[in-house]
Amino acid sequence: MANSFLNLDNDDEKPATDVKIGAGLKGKPKASRTKPDKDAVAKAGEAHGFTRSTEPAAVSTLPRKGRPPLNENMTYWRIYLSSALRDELNQLRDEEGRRLNDVIEDMLKAYRDTKN
């Protein structure tokens, strides 16, 4: 009677087994996996600005590039530029560490000053 569900068989003549359900899975061999090289993973991450360090990140005093400061009313505006002009504007933005919005504002001011 042991080890059967609803015991519809007449297994009184058979000896009871001590095999538990799923016991065959314990002896199943597992495929071995090679672990990744931690140094290579860290070096690949650092190339993209990611570190595995748990130290707190240094607080930057510069405003984040490309994002408006808090409480500044800004709107998204999609414009098409030639790739050469876009590259020049991005280079100017990166050299000065300013937002593209600020660069364009200065360009507009300089344009208006030459007109007057």
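Read along the sequence, the chain follows the pattern α-α-α-α. It has four helices and zero strands. Helices (H or I, at least four residues) and strands (E, at least two) are DSSP runs, numbered from the N terminus.

This is a predicted model, in which local features need pLDDT of at least 70, side-chain atom pairs count only at pLDDT 80 or more, and totals for chains, interfaces and linings use all residues. Residues are numbered from 1 along each chain as its sequence is written, and side-chain values use heavy atoms, with hydrogens and water left out.

**Confidence**

pLDDT is the predictor's confidence in each residue, from 0 to 100. The chain has a mean pLDDT of 77. In the chain, 72% of the residues reach 70 or more. Which element has the lowest mean pLDDT, and which the highest? Helix 1 (residues 23-26) has the lowest, at 74. Helix 4 (residues 100-115) has the highest, at 90.

**Surface and contacts**

The accessible surface of the chain comes to about 12000 Å². Carbon and sulfur atoms own 55% of that surface. Accessible areas come from the Shrake-Rupley method with a 1.4 Å probe; for residues, only the protein chains shown count as cover. Buried residues make up 4% of the 116 residues. Buried means under 20% relative accessible area, exposed over 50%, and partly exposed in between (1.4 Å probe, protein chains only).

Contact means heavy atoms within 4.5 Å. Take the contacts in the chain with a separation of 6 or more: residues 24 or more positions apart account for 33% of them.

The loop between helix 2 (38-46) and helix 3 (83-96) holds I79. I79 counts as partly exposed because its relative accessibility is 42%. I79 also belongs to a nonpolar surface patch with W77, L81 and L85. Together these residues have about 440 Å² of accessible area. Patches are made of residues with over 30% relative accessible area and no salt bridge: like charges are joined within 9 Å, nonpolar side chains (Val, Leu, Ile, Met, Phe, Trp, Tyr) within 5 Å.

E72 is found in the loop between helix 2 and helix 3. Its relative accessible area is 33%, so E72 is partly exposed. Leaving out residues up to four places away in sequence, E72 touches R99 and N101.

How far apart are the end C-alpha atoms of helix 3? They are 20 Å apart. The expected span of a helix is 1.5 Å times one less than its number of residues. Just after helix 3, G97 takes a positive phi of about 70°.

**Salt bridges**

Side chains of opposite charge can pair when their charged atoms come close. A salt bridge is a side-chain nitrogen of Lys or Arg within 4 Å of a carboxyl oxygen of Asp or Glu. The structure holds five salt bridges. The table lists some of them.

| D87 | R86 | 3.7 Å |

D94 counts as partly exposed at 41%, and R93 at 23%. R98 is partly exposed at 26%, and D106 at 40%.

R98 and D106 also belong to a network of salt bridges that includes E96.
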